Structures are given as structure tokens and as C-alpha cells.
Amino acid sequence: MRWLVRVVLLLAVLYGGFLAIVYSKMTQPPLEFAAFWADVPGWARSVVPFQKLWAVARAGDLQIGDEAPDFELEYHDHSGKMRLSDLRGRPVVLAFGSYT
């Protein structure tokens with residue numbers, strides 16, 4: 001019976017370590033995480049509470065009413081760049097998604 005407790009504890013520690021590694025990879029840029037996740041075997045992916053872990057790892061620290069962080073984007077025709085801060089004081093709508 002004692003060996004069973006040790007095996008269960010060992011499995012729990014290994015599982016916790018695996019989740020810690022996955023969490024730390026989730027906090028990296030999405031393309032880096034995708035490269036890591038592509039190498040994780042399917043059986044190992046199935047034991048990760050992905051949605052909850054992803055929501056915590058990618059939550060950020062912005063609160064409602066906080067000022068949006070500044071960023072720079074290139075125009076779709078590559079004619080130049082614009083910064084969000086250049087639009088300060090004017091209404092801005094940000095749309096995220098794929099339109100392909």
C-alpha cells in the first residue's frame with residue numbers, strides 16, 4: 001500500500017511539472033507556443049486543462065477603463081505605419097480576427 005501512495009505522489013509531481021512547463025510556454029509569444037505544442041504528443045495534450053490554463057496564462061493585467069497599450073501597425077498597402085497613440089482623443093475601433 002505504501003508503494004501505491006509513492007507512485008501516486010510521483011505521478012502527481014510529474015503532472016504538476018508538466019503543467020508548469022505548458023503554462024510557462026503559454027506565456028511566450030503565440031508562434032513560439034505553437035511550435036512547442038506541435039511537438040507534444042496527442043495523449044499528453046489530452047490531460048491538459050487547456051482552456052483554463054490558456055485563459056490564466058494569457059489574461060494580461062489590463063482592467064476595464066485602463067488606457068490601451070501603444071502599438072504600431074503597417075498599413076495594408078505597405079505605404080507607411082500608424083501608431084495607436086497618434087489617434088488619441090479620437091474614437092477607435094479595433095477588430096481582431098481572420099477575414100480569409
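In this predicted model, the buried residues of helix H1 are Leu-19, Val-22 and Met-26. An α-helix has 3.6 residues a turn, so residues three or four places apart point the same way. What covers the buried residues of H1 includes helix H2, residues 30–38, and helix H4, residues 50–57.

Helix H1 itself runs over residues 2–26, and its length can be checked against its geometry: at 1.5 Å a residue, the 25 residues of H1 should span 36 Å, and the C-alpha atoms at its ends are 36 Å apart, which agrees. As for confidence, H1 has the highest mean pLDDT among the elements of the protein chain, 95, whereas strand E1, residues 72–74, has the lowest, 90. For the protein chain, the mean pLDDT is 90, and 98% of the residues reach 70 or more.

Leu-14 belongs to a nonpolar surface patch of about 870 Å², which is made together with Met-1, Trp-3, Leu-4, Val-7, Val-8, Leu-10 and Leu-11.

The charged side chains give a second view of the model. Side chains of opposite charge can pair when their charged atoms come close, and the structure holds four salt bridges. One of these salt bridges joins Glu-67 to Arg-88, with the closest N and O atoms 3.3 Å apart. Glu-67 lies in the loop between H4 and E1, while Arg-88 lies in the segment after strand E2, residues 81–83, so the pair ties together parts that are 21 residues apart in sequence. Both Glu-67 and Arg-88 are exposed.

Elsewhere, Asp-70, Glu-72, Lys-81 and Arg-83 are linked in a network of salt bridges. Within this group, Arg-83 forms a salt bridge with Glu-72, the closest N and O atoms being 3.2 Å apart. This pair links distant parts of the chain, since Arg-83 is in strand E2 and Glu-72 in strand E1, 11 residues apart. Glu-72 also forms a salt bridge with Lys-81, where the closest N and O atoms are 3.7 Å apart. How exposed are these partners? Lys-81 counts as exposed at 54% relative accessibility, whereas Glu-72, with a relative accessible area of 40%, is partly exposed, and Arg-83 is likewise partly exposed, with a relative accessible area of 31%.

Technical notes:
Residues are numbered from 1 along each chain as its sequence is written. This is a predicted model: local features need pLDDT of at least 70, side-chain atom pairs count only at pLDDT 80 or more; totals for chains, interfaces and linings use all residues. Side-chain values use heavy atoms; hydrogens and water are left out. Patches are made of residues with over 30% relative accessible area and no salt bridge: like charges are joined within 9 Å, nonpolar side chains (Val, Leu, Ile, Met, Phe, Trp, Tyr) within 5 Å. Accessible areas come from the Shrake-Rupley method with a 1.4 Å probe; for residues, only the protein chains shown count as cover. A salt bridge is a side-chain nitrogen of Lys or Arg within 4 Å of a carboxyl oxygen of Asp or Glu. Helices (H or I, at least four residues) and strands (E, at least two) are DSSP runs, numbered from the N terminus. pLDDT is the predictor's confidence in each residue, from 0 to 100. The expected span of a helix is 1.5 Å times one less than its number of residues. Buried means under 20% relative accessible area, exposed over 50%, partly exposed in between (1.4 Å probe, protein chains only). Contact means heavy atoms within 4.5 Å.
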